[in-house]
Amino acid sequence: MSEIKELTKKLNQFIDERNWGPHQTPKDLAISISIEAAELLEDFQWISSEEALEKNEENIREEIADVLIYSLMLCSRLDLDVKEIIEEKMVKNARKYPVTERV
Ligand SMILES: [Mg+2]
C-alpha cells in the first residue's frame, strides 16, 4: 500500500471513530481546504517569509497539515487517486508552460 493510501486509511479511521463521516461532504471539505489555506496565510501576513518562518514555524507546519488532511479527505470522498490526479495535472501544466531556453 502506498504511503498516501496508508495516510488516507488512518484519516478515515480517525473520522469513523468519531462518527464525523456524515459531516465530511465534498462541499464542506472544499470549504475547509480554503479556510485552512487562509489560516496558513495569516502566518505570513504583514511580515517577510523569513520572519514568518522564524516566528510561526510550528503553526505553519500545522496549517499545511490541515490543508493536506482535508485535501486527502476530499479525494477519498470523491474516490480520486491522489497520484493519478497530480500526474494528470502535471502533464497539463507541462503542455501549458513549456520549458523555454534561457538566454
Ligand atoms: Mg488550522
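1. Let me start with R18, which is partly exposed, at a relative accessible area of 36% (buried means under 20%, exposed over 50%, and partly exposed in between, with a 1.4 Å probe and protein chains only). R18 sits in the loop between helix 1 (3-17) and helix 2 (26-42); helices here are DSSP runs of H or I with at least four residues, numbered from the N terminus. Please keep in mind that this is a predicted model, in which local features need pLDDT of at least 70 and side-chain atom pairs count only at pLDDT 80 or more, while totals for chains, interfaces and linings use all residues. Residues are numbered from 1 along each chain as its sequence is written, and side-chain values use heavy atoms, with hydrogens and water left out.

2. R18 also has a salt-bridge partner, E17, with the closest N and O atoms 3.3 Å apart (the criterion is a side-chain nitrogen of Lys or Arg within 4 Å of a carboxyl oxygen of Asp or Glu). E17 is exposed, with a relative accessible area of 56%.

3. Do have a look at N19 in the model. N19 is not a glycine, yet its phi is positive, at about 55°. It belongs to the loop between helix 1 and helix 2, and at 57% relative accessibility N19 counts as exposed.

4. W46 lies in the loop between helix 2 and helix 3, and with a relative accessible area of 79% it is exposed.

5. Now to the metal site. The magnesium ion has as protein donors E36 (OE), E39 (OE), E63 (OE) and D66 (OD), at 2.0 to 2.3 Å; donors are N, O and S atoms within 2.8 Å of the metal (3.2 Å for Na, K and Ca), and sites may look incomplete, since water is not among the atoms. Along the chain these donors follow the spacing E-x2-E-x23-E-x2-D.

6. What is the accessibility of E63? E63 has 8% relative accessibility, so it counts as buried. D66, by contrast, is partly exposed at 25%.

7. The total is four salt bridges in the structure. One of them joins the side chains of K27 and D28, at 3.1 Å from N to O. K27 counts as exposed at 55% relative accessibility, whereas D28 is partly exposed, with a relative accessible area of 29%.

8. Helix 4 (82-96) contributes another salt bridge, between E87 and K83, whose closest N and O atoms are 3.3 Å apart. These two residues are separated by about one helical turn, because they are four residues apart in helix 4. E87 is partly exposed at 41%, and K83 is exposed at 53%.

9. There is a patch of positive charge on the surface, made of K89, K92, R95 and K96. Patch members have over 30% relative accessible area and no salt bridge; like charges are joined within 9 Å, and nonpolar side chains (Val, Leu, Ile, Met, Phe, Trp, Tyr) within 5 Å. Lys and Arg count as positive and Asp and Glu as negative, with His and the chain ends not counted; a charge is placed at NZ of Lys, CZ of Arg, CG of Asp or CD of Glu. K89 is in helix 4 and is partly exposed, at 47%.

10. A nonpolar surface patch is formed by L78, L80, I85, I86 and M90, which together have about 440 Å² of accessible area (Shrake-Rupley method, 1.4 Å probe, with only the protein chains shown counting as cover for residues). Where is L78 found? L78 is in the loop between helix 3 (49-77) and helix 4, and it is partly exposed, with a relative accessible area of 44%.

11. Finally, a word on K55, which lies in helix 3 and is exposed, at 64%. K55 and F44 are 11 residues apart in sequence, and their C-alpha atoms are 9.6 Å apart in space.
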